[in-house]
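Take a walk through this model, one region at a time. Start with the backbone, then move to the ligand and the helices beside it.

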Amino acid sequence: MSTKNSEKIGVLVMSYGTPVSMDEIESYYTHIRRGNPPTPEQLQDLTDRYKAIVGGVFPLRKNTDDQVQALQDALNQKMSEADISFKCFQGLKHAPPFIEDGISNMHAEGITQAVGIVLAPHYSIMSVGSYIKRAEARAKELGITMSFVHSYHLHPSLIEALAIRVESKLALFAEAGALRDDVKVLFGAHSLPARILEMGDPYQDQLLETSKAVAEKVGIHNWQFTWQSAGRTAEPWLGPDILETLQELSTEQVEDVLVAPVGFVSDHLEVLYDLDIEAKTVAKELDMRLMRIDSLNTDPLYMEALSDTIIKIWEKEL
Ligand code: FEC
């Protein structure tokens, strides 16, 4: 732990990012596509998805702002007795303020030590790994010493927050007349190219570990894991996709499905469109009742998982 206890410690809070207006969808999409602009059809498709969920007001941005504020409050509440303080800076992957901007903003405030964390609990070289790589490069240029949280997918407070959400939706199924053991709980996350498995990437294993821990805490056995939101590229992505899984469950006469997207922590396009609109439409066609657990957003237990993980890594490494 640092001996310079009166210092302000920076926290780079990284997340995916979102366009903040309809006009910014094209530049955002171009950034995701590593500088290649989308075709007019691709742009129209994405614009239509945003229109379907928000009609021009972008929920992810506000959610991220709220999460970062809540995290800063949680950190400083925990450290109120100590002679140090944490200051959170946002660094987004595909929208301003970019990851590099977040580090420059820390530097402008004279910060020399910082912890980086991503608002996604599971590590993949293609997700969290790429955030960290960019942050490390800019921190090195500016002489900031940084430590990074790679994953926090089994933090007890995260598991508890998810378990509470599963339990409360199971109660709604029961109220609607379903037998608890008949409700299929589908844990899930964003798909990635299947080649990550050959690379020994921990993403899939960590997601299964989170799912198993939540299932054990809630005491459920009728669950499985599925993927969602795979990219539309030629290479194979991790599957099965949730839409296929629903078809498969329908052939097994499953009528009640609870989706728990444990790879995501807030309400955004992939949850509000891919699950709440697309998957729900398929479920309806199949005559299934589909519910989704509420997103974590600023849940105090999620803030506890983040702040505890950050403080532990700061104590150990900085
Ligand atoms: O609400 C919003 O505005 C943003 C929602 C959003 C989140 C998110 C999270 C993850 N993604 C991950 C991987 C990929 C890979 C590609 C990819 C493409 C998109 C596109 C949109 C998009 N993602 Fe995303 N992702 C979100 C939104 N994502 C929009 C582009 C159009 C489309 O395919 O729908 C493929 C990129 C490429 O072609 O190279 C790969 C992963 C996560 C979860 C971890 C994290 O949050 O970082 C992994 C939220």
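In which loop is the place of S229? S229 sits in the loop between β6 and α9. Helices here are DSSP runs of H or I with at least four residues, strands are runs of E with at least two, and both are numbered from the N terminus. The model is predicted, so local features need pLDDT of at least 70 and side-chain atom pairs count only at pLDDT 80 or more, while totals for chains, interfaces and linings use all residues. Residues are numbered from 1 along each chain as its sequence is written, and side-chain values use heavy atoms, with hydrogens and water left out.

Stay with S229. Its phi is positive, about 60°, although S229 is not a glycine. Most residues other than glycine have a negative phi, and most peptide bonds are trans. S229 counts as buried because its relative accessibility is 15%; buried means under 20% relative accessible area, exposed over 50%, and partly exposed in between, with a 1.4 Å probe and protein chains only. D287 also has a positive phi, near 65°. D287 lies in the loop between α11 (274-285) and β8 (289-292). With a relative accessible area of 67%, D287 is exposed.

Now the cis peptide bonds. One runs from G239 to P240, with omega near 5°. P240 belongs to the loop between β6 and α9 (242-251). Another runs from P96 to P97, with omega near -10°. P97 is in the loop between β2 (85-92) and α4 (99-108).

Contact means heavy atoms within 4.5 Å. T226 itself lies in strand β6 (residues 223-228). Its relative accessible area is 2%, so T226 is buried.

Turn to the ligand. It is surrounded by 20 residues, the closest being Y16, T18, R34, Y50 and Y131. A residue is near a molecule if one of its heavy atoms lies within 4 Å of it. A polar side-chain atom of Y16 is 2.8 Å from a ligand nitrogen. A side-chain N or O atom of Y50 lies 2.4 Å from a ligand oxygen. For H190, the distance from a side-chain N or O atom to a ligand nitrogen is 3.3 Å. The elements giving two or more residues to this shell are α1, α2 and α10 (269-272).

T18 lies in the loop between β1 (8-15) and α1. T18 is buried because its relative accessibility is 5%. Not counting residues up to four places away in sequence, T18 touches Y28, Y50, F58, L60, R61 and A95.

Finish with the helix pair. I25, E26, Y28 and Y29 in α1 meet Q42, L43, L46, T47 and Y50 in α2. The buried residues of α1 are I25, Y28, Y29 and T30. Their cover includes α2. After α1 comes R34, with a positive phi near 50°.

Note on methods:
A polar contact is a pair of N or O atoms within 3.5 Å; within protein, one must be able to donate a hydrogen and the other to accept it, and residues adjacent in sequence count only if both atoms are side-chain atoms.
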